[in-house]
Structure formats: structure tokens, C-alpha cells
Amino acid sequence: MKHAKYILLPILFLLPGFLLNGCSRANTYAPVANAEEAFDYTKARQTLTSHVSDTVSRVENTMPSGTPAEQQSQFFALKHEIETVEKELEEYDHQLENGFLNNSLSLKDYQIYNARLDNLEDLLDSAEERLDFSFGMEL
């Protein structure tokens, strides 16, 4: 028993350090090694703009029809599409933040891209509200 305290004391002193260092977050915003791996913010925004426009158009052109079960199916298909595009927008937002933190985007460029992202999010939110209203299903 006498020797147990010699083993336990160093463990008690070292354990918090290991736990704290193990929980610290490494810099995940490392600069890109070469230009071929660089993220194309403009192309990604254009793709997202197209996805948002297509989704908004589908929501605007869809009216509930058929049986209640078919209407529910229509609603959830469009709701899923909106959620998928929302996830794409979130990923783009993370890319913008990473680019700014890596200094591959200036503050001005970050603000411009972020403002355009906000506009896309607003369009998608409005479409989601229209969908909920037209189908009478608010989740």
C-alpha cells in the first residue's frame, strides 16, 4: 500500500494535463498547400444560387394535390429538399469562415460572400414558410 501512493500521485498530477491537452482543439484552419486545392468561392456560390433557385421554384410551383397521404408525401419531399440545400449553405458558410481564418479571403471578400449567403438563406426561408402555409403543415 505504501508504494501505491508513489504510483497514484504522479498519475493524479499528470492526468489533468493529458486530459486538457487532449481536449484542446488543434488548428484545423491550416493554409492550403497548393493552389489546386484552393476552394473556389465564386463557383460554389453560383452552384448554391442555382440550387436555391431550383428549390424555390419547385416550392412556388407545387400545390397540394391528391389524397391527404399524397399531399403529405409532396410536403415532406419538398421539406427534405429545403433541408438538403440548407446543409449546403451551412457548409459554404464554414468554408467562408475557414477561408477568412486562413487568410485566403480578405475581410472585404468575406463580408461580400457572407452577405450573398444571407440573401440565399433568406430566399430559402421564405420558400419554406410558403411551403408550410400552402400545405397547412407547420413543423
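This is a predicted model: local features need pLDDT of at least 70, side-chain atom pairs count only at pLDDT 80 or more; totals for chains, interfaces and linings use all residues.
Let us start with the overall plan. The protein chain has four helices and zero strands, and from the N terminus on its elements run α-α-α-α. Here helices (H or I, at least four residues) and strands (E, at least two) are DSSP runs, numbered from the N terminus. Of the 139 residues in the protein chain, 24% are buried; buried means under 20% relative accessible area, exposed over 50%, and partly exposed in between, with a 1.4 Å probe and protein chains only. A contact means heavy atoms within 4.5 Å. Take the contacts between residues at least 6 apart in sequence: 75% of them join residues at least 24 apart.

Now look inside. In soluble globular proteins, nonpolar side chains tend to be buried together. In this model, the largest nonpolar core has 22 residues, and Leu-89, Tyr-92, Leu-96 and Leu-131 have the most contacts inside it. Such a core is a set of buried Ala, Val, Leu, Ile, Met, Phe, Trp, Tyr and Cys residues joined through side-chain atoms within 4.5 Å. At least two residues of this core come from each of helix 2 (41-60), helix 3 (68-101) and helix 4 (107-135), and helix 4 gives the most, with eight residues. Leaving aside neighbours within four places in sequence, Leu-131 is in contact with Val-59, Phe-75, Leu-78, Lys-79 and Ile-82.

After helix 3 comes Asn-103, whose phi is positive, near 65 degrees.

Next, the aromatic rings. The whole structure holds six aromatic pairs. Rings of Phe, Tyr and Trp (its six-membered ring) pair if their centres lie within 6.5 Å; planes under 30 degrees apart count as stacked, over 60 as edge-to-face and the rest as tilted. The ring centres of Tyr-41 and Tyr-113 are 5.8 Å apart and their planes stand at 40 degrees, so this pair is tilted. Tyr-41 sits in helix 2 and Tyr-113 in helix 4, 72 residues apart, and both are buried. Phe-100 and Tyr-110 form another tilted pair, with 5.3 Å centre to centre and 35 degrees between the planes. Phe-100 counts as partly exposed at 31% relative accessibility, whereas Tyr-110 is buried at 17%. Phe-39, Tyr-41, Tyr-92 and Tyr-113 form one aromatic cluster.

Finally, back to Thr-62. The side chain of Thr-62 reaches the backbone oxygen of Arg-58 at 2.6 Å. Not counting residues up to four places away in sequence, Thr-62 touches Leu-78 and Phe-135.

Conventions
Residues are numbered from 1 along each chain as its sequence is written. Side-chain values use heavy atoms; hydrogens and water are left out. A polar contact is a pair of N or O atoms within 3.5 Å; within protein, one must be able to donate a hydrogen and the other to accept it, and residues adjacent in sequence count only if both atoms are side-chain atoms.
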